[in-house]
Amino acid sequence: MIALGNKSQVPIISFATTSPFLIYSVRSPYFFRATHNDSSQVKAISAIVQTFGWREAVPIYVDNEFGEGVIPYLSYALEEVNARIPYKSVISSGATDEEIKSELFKLMSMQSRVFIVHMTPDLGSRVFDKATEIGMMCEGYVWIITDGMTNHWSLIHHSDHMDSMQGVLGVRNYVPKSKELESFKVRWKSKFVQDNPSMMNAELDIFGLWAYDATFALAMAMEEVLGTTNFNFDASDLESFGWISQNGPKLIEALSSMRFKGLSGEFGFVNGQLESPIFQIFNVNGNGEKGIGFWTSKDGLVKTLDSTSNANLGIIRWPGDSYSIPKGWEIPMNGRKLKIGVPVRKGFGEFVKVTWDQETNSTTFTGRCIDVFNDVMKVMPYPVPYQFYPIQMEEDESYNEIIDQVFFGKYDAVVGDITIVANRSLYVDFTLPFMESTVVIVVPIRNNTKKNAWVFLKPLSRDLWITSFCFFVFMAFVIWVLEHRINEDFRGPPLHHVGTSFWFSFSTMTLAHRERVLSNPSRIVVLIWCIVVFILTQSYTANLTSLLTVQQLQPAVTDINELLRNGENVGYPHRSFIGEIVQRMTFDRSKMKKFTSLEVLDELFTNGSIAAAIAEIPYMNLFLTNKSHCNKYTTLTEPTFRTDGFGFVFPRGSPLVADVSRAILNVTESFRIGDIENAWKKQTNCPDPSTLDSSNILSLGSFWGLFLVAGVTGVLALVYSAAEFLYEQRDVLRECDPRISIWNRILQVLRNFDHRDLTSHTFRQRGLREEDSNIEIIPVRGAVEAPVEIRVEDPVEAPIEIPVEAPVENPDDKSGATTSVEIEIHHASTNSS
């Protein structure tokens with residue numbers, strides 16, 4: 001028919017074709033569909049599923065083009081709202097009641113409780129009758145019917161099938177009320193009853209309204225194109241198919257641009273079919289239906305059309321006369337408990353342990369993972385009956401084989417120390433982790449203490465030793481510069497100067513120096529330096545004590561590269577995914593050793609079979625805190641490999657995953673998780689291996705601030721002393737005698753710097769007074785090569801040495817010139833000078 005209209009250029013208008021395949025399989029500009037595409041309602045259905053948070057929905061449809069046409073669009077729409085179709089139920093249009101019941105029983109045995117029915121009214125009514133009969137219209141079930149049934153609602157409304165459809169949600173095209181519609185319905189009913197007196201149902205459905213509006217649109221288009229003239233066809237070639245309309249293109253243009261308000265609402269063609277419709281959502285309740293909301297392409301689900309924001313739908317009475325929102329799924333018990341698999345493995349019983357009692361012929365399941373799962377089930381929002389079943393594993397099997405058993409439906413879930421890994425999540429769904437996990441490397445530790453004669457040098461680093469020595473020398477120089485001109489303790493021969501200065505500087509380490517410092521700058525420098533030395537010696541003493549008394553434990557291996565470079569063997573847990581990680585580290589297969597328990601791991605380390613073990617941190621924490629393994633092993637800080645931790649395993653798409661994950665959060669955020677961990681944690685007094693190496697070499701970086709303060713203080717003291725001395729020697733430096741060179745002046749200043757500073761208060765306080773002393777002058781004849789001796793009869797406070805200039809007669813000098821000599825004064829009583 002469409003091809004005929006396309007060839008004859010005559011518009012073909014259909015008001016009963018709703019299949020979405022048609023408009024795409026035959027693209028003809030002369031075909032107009034005065035109905036809505038069946039696929040246009042899937043957005044409204046997916047919005048309902050999303051609103052109530054359902055994650056699964058099973059379509060039930062008739063096995064013909066009408067039923068199958070909408071399924072691809074429905075699947076895509078559900079995927080967009082994070083819902084999936086676990087199963088598609090197909091019922092033949094000629095199915096018997098037993099065949100319908102058999103299919104419904106199959107659906108009843110599945111977890112999903114949300115069903116979308118897309119079929120004709122007669123077949124759909126039979127499906128609901130049988131669903132009521134076998135108990136599928138009770139509380140917990142959700143039934144949604146498409147416009148395949150709702151568009152012919154008048155056929156169902158006046159039948160006996162209404163009682164079996166209580167609580168059903170329906171989606172249908174919205175027809176706004178109007179005076180024109182009510183008037184037309186009255187006239188239609190009157191005419192229909194007059195022409196068909198034997199038929200009782202005279203209701204006009206949506207297809208009748210579309211037919212009326214389509215006829216009205218065609219008439220308006222013809223008037224617009226042709227006015228009052230007739231069509232002009234050339235009918236000479238009927239055998240070659242059809243009359244060729246001379247006005248066909250103008251007619252389809254007029255139809256495409258036609259817009260008016262008809263009996264069915266706003267009427268107009270867009271791409272050959274009606275515009276996007278408004279769907280009404282209703283709830284079958286009692287003897288009729290009650291509208292609970294609308295869906296529009298612009299606003300989505302709304303309670304009323306004048307609402308601009310998404311709001312909840314009206315009150316819904318669900319199947320079973322319940323007003324509680326169904327969760328959309330249910331474990332089909334039928335007297336059966338949830339089958340939970342538990343892997344049976346050797347070792348690591350703290351996590352999972354399966355024990356069989358021969359006397360009672362019963363199996364006991366214990367471990368941290370089992371306790372967590374039991375507590376999670378207790379806080380679930382609904383009761384979940386379950387039973388543990390042991391999963392016997394072959395010697396060469398891994399946890400991946402257990403994942404496969406869940407994938408193939410042998411178990412409803414698996415509980416154990418199973419790590420959440422990306423490739424496993426392709427086949428099953430994991431809950432949120434109930435235990436964190438990281439892959440670490442464990443290596444033996446060795447005592448790094450070396451008892452030798454030079455261990456006393458180890459507390460300080462080389463740069464700190466060198467810096468300390470340089471500062472001792474620097475401080476000796478600073479004290480000599482500041483004290484040797486005013487302090488007798490720093491006077492004497494040059495070697496005495498050097499020895500006393502170094503003795504004073506180095507003796508500050510033990511505070512054993514007896515020399516006094518007299519100048520204020522010296523006192524400040526010595527005070528600062530004593531503080532630095534005190535802190536340095538105390539730190540040295542503490543670190544040396546630690547070196548000599550505390551075990552110095554260091555890892556035998558520092559990193560993975562060392563293992564690879566030396567070709568060492570490594571261990572990993574049997575049946576674990578860690579083997580794949582070790583292989584990715586480029587370890588040779590022959591270098592990889594499996595261990596089944598912590599005892600086996602310790603044995604492998606002891607006999608030298610492995611140099612390191614790579615495993616998840618929950619296992620290694622048990623290993624490191626074991627009393628028999630104290631101070632024997634440690635973990636490397638780098639590298640570590642992140643994993644998502646231990647999780648419970650469920651089949652793909654299981655609705656239990658979300659609720660179990662929320663229950664896990666409730667348990668892990670409570671004190672109960674700590675009680676479980678403490679119950680399975682073996683209490684030991686093992687120190688943390690990371691804290692055993694308590695002494696570290698002290699470096700310059702820890703003390704550079706102290707040296708900076710001491711150095712700045714010493715330099716400032718030197719600058720102050722130099723400035724003061726040069727100011728005193730200003731007359732020598734400014735000597736105007738041209739016979740004295742600059743170099744001689746500098747030498748004279750340096751000689752004066754080596755002499756005593758008699759102007760200092762230390763000498764003035766102890767100076768010799770002529771009236772208080774009886775001085776005997778002993779003249780010295782001849783060439784004066786030694787100081788003149790002056791003996792002091794009266795005692796003085798201390799030996800003093802005064803350089804003086806005295807005229808001494810030289811017998812060889814006839815000119816009477818005088819010679820400058822140095823006079824040394826001695827105590828007469830003590831014979832000291």
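Let's start with a close pair: Asp321 forms a salt bridge with Arg317, with 3.4 Å between the closest N and O atoms. A salt bridge here means a side-chain nitrogen of Lys or Arg within 4 Å of a carboxyl oxygen of Asp or Glu. Asp321 counts as exposed because its relative accessibility is 53%, while Arg317, at 18%, counts as buried. The cut-offs are under 20% relative accessible area for buried and over 50% for exposed, with partly exposed in between (1.4 Å probe, protein chains only).

This is a predicted model, in which local features need pLDDT of at least 70 and side-chain atom pairs count only at pLDDT 80 or more, while totals for chains, interfaces and linings use all residues. Residues are numbered from 1 along each chain as its sequence is written, and side-chain values use heavy atoms, leaving out hydrogens and water.

**Salt bridges**

By the salt-bridge rule, the count comes to 12.

| Asp321 | Arg317 | 3.4 Å |

Helices (H or I, at least four residues) and strands (E, at least two) are DSSP runs, numbered from the N terminus. Arg652 counts as partly exposed, at 45% relative accessibility.

Asp659 and Arg662 are both in helix H22, and being 3 residues apart, they are separated by about one helical turn. Asp659 is buried, at 12% relative accessible area, whereas Arg662 is partly exposed at 49%.

There's also a network of salt bridges, linking Asp97, Lys101, Arg126, Lys130 and Glu133.

**H22 and its partner H13**

How do the axes of helix H13 and H22 cross, and within what distance do they come? The axes of H13 (residues 368–378) and H22 come within 9 Å and cross at roughly 105°. Axes are lines fitted to C-alpha atoms, for helices over the stretch in contact, with angles from 0 to 180 degrees between N-to-C directions. H13 and H22 are therefore roughly perpendicular, a label for angles of 65 to 115 degrees.

On the H13 side, Asp375, Val376 and Met377 meet Val660, Ala663, Ile664 and Val667 of H22, where contact means heavy atoms within 4.5 Å. By class, that contact has 6 nonpolar, no polar and 1 charged residues. Ala, Val, Leu, Ile, Met, Phe, Trp, Tyr, Cys and Pro count as nonpolar, Asp, Glu, Lys and Arg as charged, and the others, Gly among them, as polar.

Notes
Angles under 35 degrees count as roughly parallel, over 145 as roughly antiparallel, 65 to 115 as roughly perpendicular and the rest as oblique.
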